[in-house]
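Reader: I'd like to learn how to read domains, interfaces and ring pairs in a model like this. Can you walk me through it?

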Amino acid sequence: MAASRFLEVPQAPPDAILGISEAFKADNSPQKMNLGVGAYRDEEGKPVVLGAVREAERRVLEDPTENKEYLGMGGIPEFCRLSARMAFGEGSAALREGRNATIQGLSGTGCLRVGGEFLSRFYPGPKIVLIPTPSWANHRAIFERCGMQVQQYRYYKADTRGLDFEGMIEDIKAAPEGAILLLHACAHNPTGVDPTPEQWQGILDAALAKKLLVFFDSAYQGFASGDLDRDGYSIRLFCDAGLELLLAQSFAKNMGLYGERVGALTVIVGDSAAAKKVESQLKITARQMYSNPPRHGASIATRILADPQLYAQWKVELKGMADRILTMRQQLYQALQEVGAPGDWGHILRQIGMFSYTGLTKAQVENMTNKWHVYMTFDGRISMAGLSSSKCGYLAQAMKDSVENC
Amino acid sequence: MSLAAAKGTRPQQAACCGAARRWRRRAPVAVHAAAQVQTASRLDAVEQAPPDPILGVSEAFKKDTSPDKLNLGVGAYRTEELQPYVLKVVRKAEERMLAKDENKEYLPIEGLASFRQATVELLLGADSPAIQEGRVAVLQSLSGTGSLRVGAEFIAKFMPGTVAYISRPTWGNHKNIFADAGVEWREYSYFDPESIGLDFEGMLADLQAAPDGSVVLLHGCAHNPTGVDPTKEQWARIADVLQAKGHLPFFDVAYQGFATGSLEEDAFAPRYFVERGLEFAVAQSYSKNLGLYAERVGAMSFVLSEAGAAQRVLSQMKRIARAIYSNPPVHGARIVAEVVGSEEMFGEWKGEMEMMAGRIKGVRQDLYDALVEINPDKDWSFVLKQIGMFTFTGMTPQQCDNMTNKWHVYMTKDGRLSLAGLSSAKAAYLARAIDDSVRNY
């Protein structure tokens, strides 16, 4: 057989996080901990399917009016309506005025990509996307695939393990006028560092001054504080200020629908007539990528959002997940005090959401893994979701040892 | 946008405790916002997109209130009662899945392993040397469209400047997918309106004239929209030209099972290409044959001459997929794995596939008979010769408009009718509509 025409195709670099999962699997130590995981785990370290989700799924499968027919390119209309309401709030003027163009998309990634493609085609401003340093690794890849230039703004401050607010504002003010500003709506990934309400106001002011187009990535609404409205604060602040903006909404974590790929993309536009046109273009963009979105997960999500009883049950379970994570933060902090780990670990408590940027260096992380069988990413990030009460003491010991000796 | 509205969305203020101070400080925000002038809309110049040539038809159909309306636009199977059909074997699979209480964790980027194995075996046969030798890169993806998109992006990146040749005519979305991925497309002759058959010599001539190493998009079976497929002998001659020119064949396999009713028989062309030692790309969809339309289940595969290349190609497809949707939806893939993984269920599936294809063949005959009855002088034999879900009528856009405006028959403007949406009971009505349109417009 002739040599492959694809001989020159290089092997793509291995996924860093996947490599960690594989090493974890291969490790035989009974002490091993997987803190690299990006999905929620219960106290026993098991994945969770929420009760509200199971019940909604059962109803979907038992409903004789449900079938497998193609959804429209924009997905389930009720899903779109309820997702937008969840994000922007019941009282949102933008929604009331019909100024949102909302389509169902493939979780956060799919919504970011369709949004990015839409902007690359229709946005008259500079095709420049500003993302925080650091950000979710896939942000850069997505926007670059859309043909946009990606620039970074300062965000995480290593010495405080907190927000470099001054640096962030400076960089926003130095941005090209009309550029696109990507903001994590809450529970910043990977650092867990979020602006305060006052700081959000400052960010809004700076964005307005430079006429930046804001693009929110909301993957943790309800998952950060346990309260959907509270976690929607930044989105609502910006939207209520009258801005046009984009929102990529994911239900992967807060509904635990990860593999079902459930999300919504909204563009808030200046007027409702323009919003209709924008919606038509979002649909065409989707059509050329995947035709129409997957049905199963969105059917589940719609039922939960629409049924008062399921919605209430979901909110309780959501708070339960958020609370467990908060508890882990507190317990880890306690344990670090108890073992006398050097340094100020207050950031463990201040940081928000699934992830925490511990501040551990690469050498310290290597020690965590090689000596203590604790798997985490080299940037010092740990997933609080992968922690359990019984292991906090062990983890604290590992961190103390790593900080003292590496 | 009004201040009052903005104020109205302020959350409740807590009566006491530290949190209250933070919330209360939000009151000035509304005032602050008023000081900022709302920037002029930058999105108001966005134009309304034209309706999608295929999916737009369904949207128009939904709005029609006529009791006679017929949706023969999108290729979605309907029962004789013109109801959507969820395969019994799919329902069974879903019940089993629910009972297993499986989690909803992310699939790996390349998708569900059991699904990928089942899918490549369905296409090439479990004993295919390409599979045995690890020479196939298989990526679960978003049905046919999503798979084509990943394949097109791969071509744009690793075969830059290569032109994709697509048949004239082809499925309405092919051109957009390739163009959007940055791949230039050109057409090769395919359909001969005179014979209402394959313009075989024209096709070969065009493929011969194309630059060496072009991509050639081929429909695996049941060509959409024409229903005209090459014979086995013709496939051999097509393979000759592809081999001589070093072209990369790219199969679109959306109707495996709908051409002859047999899943195995309909896989002839890709299996033959493996025998011939050709490398090729293939997009597969389970939308029609397993009725999984909305679950978006399919695969993008590359059959290569060596395992090492397959590994590397898969790694690059994963990278492309990661920036479009990260990882594929789990539900539909699990259904496929259940059905194909159980001998009993696979057998049931084959039965239902034969039933669906059989109903379409039956309705073809009914339509033909009705057309001959109304107008015995015209040659309607193309209806019987065409293969798969569709009949390609040769009607002009004006005639198609008449079909819709006068007869409430919804179809695509290229003259394609989806027989999957026709019942025996409505065959005579459709025949009258076709005859009227062809005669008078």
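**Two domains in one chain**

Author: Let's begin inside chain A. The centres of domain 1 of chain A and domain 2 of chain A, taken over C-alpha atoms, are 29 Å apart. Keep in mind that this is a predicted model.

Reader: Which residues make up domain 1 and domain 2 of chain A?

Author: The domain assignment gives 16–48 + 321–405 as domain 1 and 54–306 as domain 2. Where they touch, domain 1 of chain A brings 19 residues and domain 2 of chain A brings 20 residues.

Reader: What area is buried between domain 1 and domain 2 of chain A?

Author: About 1,500 Å², with carbon and sulfur atoms giving 61% of it. On the domain 1 side, Ile352(A), Phe355(A) and Tyr357(A) supply 35% of the area buried against domain 2 of chain A, more than any other three residues.

Reader: And how many salt bridges and polar contacts are there between these two domains?

Author: The salt bridge count is 0, while 5 residue pairs are in polar contact. At least two residues each come from α13 (308–339), α14 (346–350) and β11 (355–357) of chain A on the domain 1 side. By class, that side has 9 nonpolar, 7 polar and 3 charged residues.

**Between the chains**

Reader: Now the chain interface: how many residues of chain A and chain B are in contact?

Author: 97 residues of chain A meet 96 residues of chain B. The buried area is about 8,500 Å², and carbon and sulfur atoms give 56% of that. In chain A, Phe6(A), Lys68(A) and Tyr70(A) lose the most area to chain B, together 10% of what that side buries.

Reader: How many salt bridges are there between chain A and chain B?

Author: There are 13. One of them to look up joins the side chains of Arg149(B) and Glu117(A), at 4.0 Å from N to O. As for elements, α11(A) gives the largest share of the chain A side, 12 residues. That side divides into 47 nonpolar, 21 polar and 29 charged residues.

**A ring pair**

Reader: How do I read an aromatic pair?

Author: You describe the pair by the distance of the ring centres and the angle of the planes. Over all chains, the count is 37 aromatic pairs. Take Trp372(A) and Tyr394(A): their ring centres are 5.5 Å apart and their planes at 70°, so this pair is edge-to-face. Trp372(A) lies in the loop between α15 (362–370) and β12 (374–375), and Tyr394(A) in helix α16, so the pair ties together parts 22 residues apart in sequence.

Conventions
Residues numbered from 1 in each chain as written. Chains lettered and ligands numbered in written order. Predicted model: local features only at pLDDT ≥ 70, side-chain atom pairs only at ≥ 80, totals over all residues. Heavy atoms only, no water. Domains from an automatic or database assignment. Contact = heavy atoms within 4.5 Å. Buried area = accessible area lost by both parts, 1.4 Å probe. Polar contact = N/O pair within 3.5 Å; in protein donor to acceptor, adjacent residues only side chain to side chain. Helix = DSSP H or I, 4+ residues; strand = E, 2+ residues; numbered from the N terminus. Nonpolar A, V, L, I, M, F, W, Y, C, P; charged D, E, K, R; others polar. Phe/Tyr/Trp six-rings, centres within 6.5 Å; stacked < 30°, edge-to-face > 60°.
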